[in-house]
Amino acid sequence: MSSVKRTAAASLLASAALFTALESGEGFAPQAMKPVPEDRWTYGYGSTFKEDGSPVQPGDRITRKGARTLMEIKVRDDYQPVIHRCAGDIPMTQYEFDALLDLSYNIGAEKVCRYSIIKKFRAGDYEAGCASILTIDWLNGKKCSVDNNVKKVPGCKGILNRRHDQFQMCKGAK
């Protein structure tokens, strides 16, 4: 990973590959649903809020086109600026930046900024930074990778699969 060309994250923008990965990782739900029992209502590609800012409610519906637009707005207006603020001076590749945005879409950009991935990237340890994505596997207070939680906690298998995909993206392998 050390021989690749990196540029300051502040100059990077969400790529088309990121949006394709988000569509795949989130899956499309035309009607409001709860992905796991204790989660918020979501629709489209995992959106918990409608375009007007109000929370998704039972019975709400959205088209694929509307869901894609909502996802792009959320990434570009909410997550990308936060990552630019906390990591804008850090040189990274497009795929490392996209991995931060993918993770932000799942757990929130402020949380991503507090995790060790940013510190490791800042120190130039991109391999360890990418690997740290695999440790971000909590769901409803349970660590998905321990105590057989992957089988016991609804949604843990999906979280672990998503982190693996984000890790692969971060390494430029996906």
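Which residues does Leu 134 touch, not counting residues up to four places away in sequence? Leu 134 touches Arg 163, His 164 and Phe 167; contact means heavy atoms within 4.5 Å. The model is predicted, so local features need pLDDT of at least 70 and side-chain atom pairs count only at pLDDT 80 or more, while totals for chains, interfaces and linings use all residues. Residues are numbered from 1 along each chain as its sequence is written, and side-chain values use heavy atoms, leaving out hydrogens and water.

Stay with Leu 134 for a moment. Leu 134 lies in the loop between helix H6 (126-132) and strand E5 (138-139). Helices (H or I, at least four residues) and strands (E, at least two) are DSSP runs, numbered from the N terminus. Leu 134 is partly exposed, with a relative accessible area of 35%. Buried means under 20% relative accessible area, exposed over 50%, and partly exposed in between (1.4 Å probe, protein chains only). The C-alpha atoms of Leu 134 and Gln 166 are separated by 8.4 Å. Along the chain, these two residues are 32 residues apart.

Now turn to helix H2. H2 spans residues 64-87 and bends by about 35° at Tyr 79. That bend is the angle between axes fitted to the seven residues ending there and the seven starting there. A proline, Pro 81, follows within four residues. Buried residues of H2 include Met 71, Val 75, Tyr 79 and Ile 83. The buried residues of H2 pack against several elements, among them helix H1 (16-26), strand E3 (42-44) and helix H3 (94-107).

Take H1 next. H1 and H2 pack at an angle of about 120°, with their axes 11 Å apart. Axes are lines fitted to C-alpha atoms, for helices over the stretch in contact, and angles run from 0 to 180 degrees between N-to-C directions. H1 and H2 are therefore oblique to each other. Angles under 35 degrees count as roughly parallel, over 145 as roughly antiparallel, 65 to 115 as roughly perpendicular and the rest as oblique. Leu 18, Phe 19, Thr 20, Leu 22 and Glu 23 in H1 meet Arg 68, Met 71, Glu 72, Val 75 and Arg 76 in H2.

H3 is the other partner to follow. The axes of H2 and H3 come within 10 Å and cross at roughly 115°. The two helices are therefore roughly perpendicular to each other. From H2, the contact is made by Met 71, Lys 74, Val 75, Tyr 79, Gln 80, Ile 83 and His 84. H3 contributes Phe 97, Leu 100, Leu 101, Ser 104 and Tyr 105.
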